[in-house]
Amino acid sequence: MPNERNWLNGYYQFANRLAVLNFLHEQQVAARLLFIYFIGDKGDARRSCPASEAEWKAPLLRQKQHLGLPSDHPLHDRVHSIFLQVDNRLAAAAIFEN
């Protein structure tokens, strides 16, 4: 990664997870990383959630640009994303379980 990128300032959790994946890869552990993104969550007014997978594209692109990650970085084939639609039943179940 470029030296001028500060992985401790902004998107720390994402950067930390990539660093751990890289460490595991160097130790020859066949690890993968799965990011779960929720779409359509209407929990409350304190937070907003993209309404579609397409709405996630800009924030995720900003994250990669901030960290200086090219689309073909060495771990790109080990990093996966899934976008889960939240509906009222799923939101109610999550609230009930907590």
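Where is Gly10 found?

Modeller: Gly10 sits in the segment before helix 1. Residues are numbered from 1 along each chain as its sequence is written, and side-chain values use heavy atoms, with hydrogens and water left out.

Now to Gly10 itself. With 31% relative accessibility, Gly10 counts as partly exposed; here buried means under 20% relative accessible area, exposed over 50%, and partly exposed in between, with a 1.4 Å probe and protein chains only. Setting aside the neighbours within four places in sequence, Gly10 touches His66 and Leu67, where contact means heavy atoms within 4.5 Å. Gly10 and Leu67 are 57 residues apart along the chain, yet 8.6 Å separates their C-alpha atoms.

Let us step back and see the surroundings. The protein chain holds three helices and two strands, and along the sequence they follow the pattern α-β-α-β-α. These elements are DSSP runs numbered from the N terminus, with helices (H or I) of at least four residues and strands (E) of at least two.

Phe14, Ala15, Leu18 and Leu21 are its buried residues. Seen down the axis of helix 1, the buried residues fall within an arc of 120°, so they line one face of the helix; the arc is that of the directions from the helix axis to the C-beta atoms. An α-helix has 3.6 residues a turn, so residues three or four places apart point the same way. What does this face meet? The buried residues of helix 1 pack against strand 1, helix 2 and strand 2.

Helix 1 is followed by Gln28, a residue in the loop between helix 1 and strand 1. Gln28 is exposed, with 74% relative accessibility, and its phi is near 65°, a positive value in a residue other than glycine.

Next comes strand 1 (residues 33–39). Leu33, Phe35, Tyr37 and Ile39 form its covered face, whereas Leu34, Ile36 and Phe38 form the uncovered one. In a regular strand the side chains alternate between the two faces of the sheet. Strand 1 runs parallel to strand 2 (residues 79–85), and seven bridges join them; two strands pair if DSSP finds at least two bridges between them. Ile36 stands opposite Ile82 in strand 2. To get from strand 1 to strand 2, the chain passes through helix 2 (residues 53–67) in a β-α-β crossover that is right-handed. Right-handed means that, with the strands pointing away from the viewer, the path from the first strand over the helix to the second runs clockwise.

Take Gln63 as an example: at 10% relative accessibility it counts as buried. Beyond its neighbours within four places in sequence, Gln63 is in contact with Tyr11, Phe14 and Tyr37. Helix 2 is followed by Gly68, whose phi is positive, near 75°.

The loop between helix 2 and strand 2 holds His76, which is partly exposed, with a relative accessible area of 40%. His76 and Leu18 are 58 residues apart in sequence and 9.9 Å apart in space, C-alpha to C-alpha.

How far can you trust all this? The predictor's confidence in each residue is called pLDDT and runs from 0 to 100. The protein chain averages 82, and 80% of the residues score at least 70. Confidence is highest in helix 1, at a mean of 93, and lowest in helix 3 (residues 88–97), at 52. Where pLDDT is low, the predicted coordinates should not be read in detail.
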